[in-house]
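Hi,

Here is the structure I said I would pass on.

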Amino acid sequence: MTDNASTKTSDQPHVLPRGIRFAGVSCGIKASGKRDVSMIVTDRPAVIAGVYTTNQIVAAPVVLTRSKTPTASGRVVLTNSGNANACTGEEGMQNAQAMCQQAADLVGCDPSDVMVMSTGVIGHPLPMEKVQSGIQSAFDNLSDDEEAYLASADAICTTDQFRKTASSTVTIDGHDYQITAMCKGAGMIAPNMATMLGVITTDAPIGPDAAHASLKSIADSTFNRVSVDGHTSTNDTVMLVATGLTDSEGASELSSDGLALWQEAATQVALRLAKLLVADGEGAARFFEVRVSGAASDSDALHIAKTVAASPLVKTAITGGDPNWGRIVSAAGYAGPKITPDRTTLVIDGVTVFENGTPQKIDAAKLSTAMKANSEVLADLRVGDGPGKASFWASDLTEAYVRFNSLYTT
């Protein structure tokens, strides 16, 4: 941060951006009775940008919302959970459009200003009577207080064990801007866009094109660097809503320098959420971070780190607290980008196990005990003398994950 900018982050309480109201209600999509419809509404037309799944099988709400962003006239982000509205044919698209139309009628805007997201089981038609009741109830309960925001965050969850929220206040050129975000996801997590959903809200004045570029950069360095099971969902979406309602008169659209400062703060918020996705991985016992350095480029380093983190053999070793370093080194070798074997070094939780292509004498039992005692494991891997470096975050792979996902729809 420079002299004209400062930032402060906290999980509780959240200071919400100006000009946005939230709601989260239950309409019966989920048999559990938990909240399953979320509505976020801006008080006036706002900039909304989005990044989306690159899966070729794409849910109707993604197709519809992707066609509308970026925009400077957005008013609503409407989400249902418990049903993905994916692989549902023409009926699915009609239902997504009907959700937008109903929200637009209630808010008093055009359907093109309503963004819709869905998450849950694939291949089941939406129970529209319930959904329509939920949309009405959400509209009736809109509020700009923290309780409504947290209810909205709860309503986008499916198999999550806990809600995922984060916030920040950044001061740029004497103006305070709020950044408050939520996301959901615990399984089917390997975002590549951008079931994972996220919404970043702010009152900073950002234009549509700048918002889109900024959001893509934020996603690339946070949400696109986490994995639970390597499965890219049909519904992955992250949205940015910017109202431009500042703390005082006279604040114009952020300059390039101001946008960079805002993006830095927003990236830190998104990174906290991305790490929560991994921590909440279905059945996860440990949080696994892979740091790669010495690659030819940052993109090569990221590819290597992602390959290591996605390996089932590596992930199960992390589960068992097994310092089986050969699995990590060999995964780096097959990842694709060129590495230098005789300059490859691996450090696991501070213990050098492989240095410049040579195994090191270690107390494997002691390292294993230390790994088992911690909920986080760090693998620091150098693959040569290049400038490229990157980090990637993943969960381990446990019997609980297999058990849960073998019975998900039955």
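Let me start with a helix pair: H5 and H6 cross in the right-handed sense. H5 covers residues 208–221 and H6 covers residues 256–279, and their axes come within 10 Å at a crossing angle of roughly 40°. That angle makes H5 oblique to H6. On the H5 side the contact uses Ala210, Ser214, Ser217, Ile218 and Ser221, and these meet Leu259, Trp262, Gln263, Ala266, Thr267 and Ala270 of H6. Sorted by class, the residues of this contact come out as 6 nonpolar and 5 polar, with no charged ones.

Before you go further, bear in mind that this is a predicted model. The mean pLDDT of the protein is 88, with 87% of the residues at 70 or more. The stretch to watch is residues 1–11, where the pLDDT is below 50. Even so, that stretch has 31 contacts in the model beyond near neighbours in sequence, and I'd keep the pLDDT there in mind when you look at them.

The other helix pair in my notes is H7 (residues 298–310) with H9 (residues 325–334), packed at an angle of about 135° with the axes 8 Å apart. Here too the geometry counts as oblique, H7 to H9. The crossing of H7 and H9 is right-handed. Which residues make the contact? From H7 they are Ile304, Thr307 and Val308, and from H9 they are Ile328, Ala331, Ala332 and Tyr334. The class count for H7 with H9 is 6 nonpolar, 1 polar and no charged residues.

On to the rings. There are 2 aromatic pairs in the structure. One of them is Phe22 with Tyr149, an edge-to-face pair with 5.3 Å centre to centre and 80° between the planes. Phe22 sits in strand S2 (residues 20–25) and Tyr149 in helix H4 (residues 146–155), so this pair ties together parts that lie 127 residues apart in sequence.

Last, a couple of backbone details. Most peptide bonds are trans, and most residues other than glycine have a negative phi. Against that background, the bond joining Thr69 and Pro70 is cis, with omega at about 0°. Pro70 belongs to the loop between helix H1 (60–66) and strand S4 (71–83). The other detail is Cys87, which is not a glycine but has a positive phi, near 60°. Where does Cys87 lie? You'll find Cys87 in the loop between S4 and helix H2 (89–107).

Cheers

Notes
Residues are numbered from 1 along each chain as its sequence is written. This is a predicted model: local features need pLDDT of at least 70, side-chain atom pairs count only at pLDDT 80 or more; totals for chains, interfaces and linings use all residues. Side-chain values use heavy atoms; hydrogens and water are left out. pLDDT is the predictor's confidence in each residue, from 0 to 100. Contact means heavy atoms within 4.5 Å. Axes are lines fitted to C-alpha atoms, for helices over the stretch in contact, and angles run from 0 to 180 degrees between N-to-C directions. Helices (H or I, at least four residues) and strands (E, at least two) are DSSP runs, numbered from the N terminus. Angles under 35 degrees count as roughly parallel, over 145 as roughly antiparallel, 65 to 115 as roughly perpendicular and the rest as oblique. A crossing is left-handed if the near helix is turned anticlockwise from the far one by less than a right angle, and right-handed if clockwise. Ala, Val, Leu, Ile, Met, Phe, Trp, Tyr, Cys and Pro count as nonpolar, Asp, Glu, Lys and Arg as charged, and the others, Gly among them, as polar. Rings of Phe, Tyr and Trp (its six-membered ring) pair if their centres lie within 6.5 Å; planes under 30 degrees apart count as stacked, over 60 as edge-to-face and the rest as tilted.
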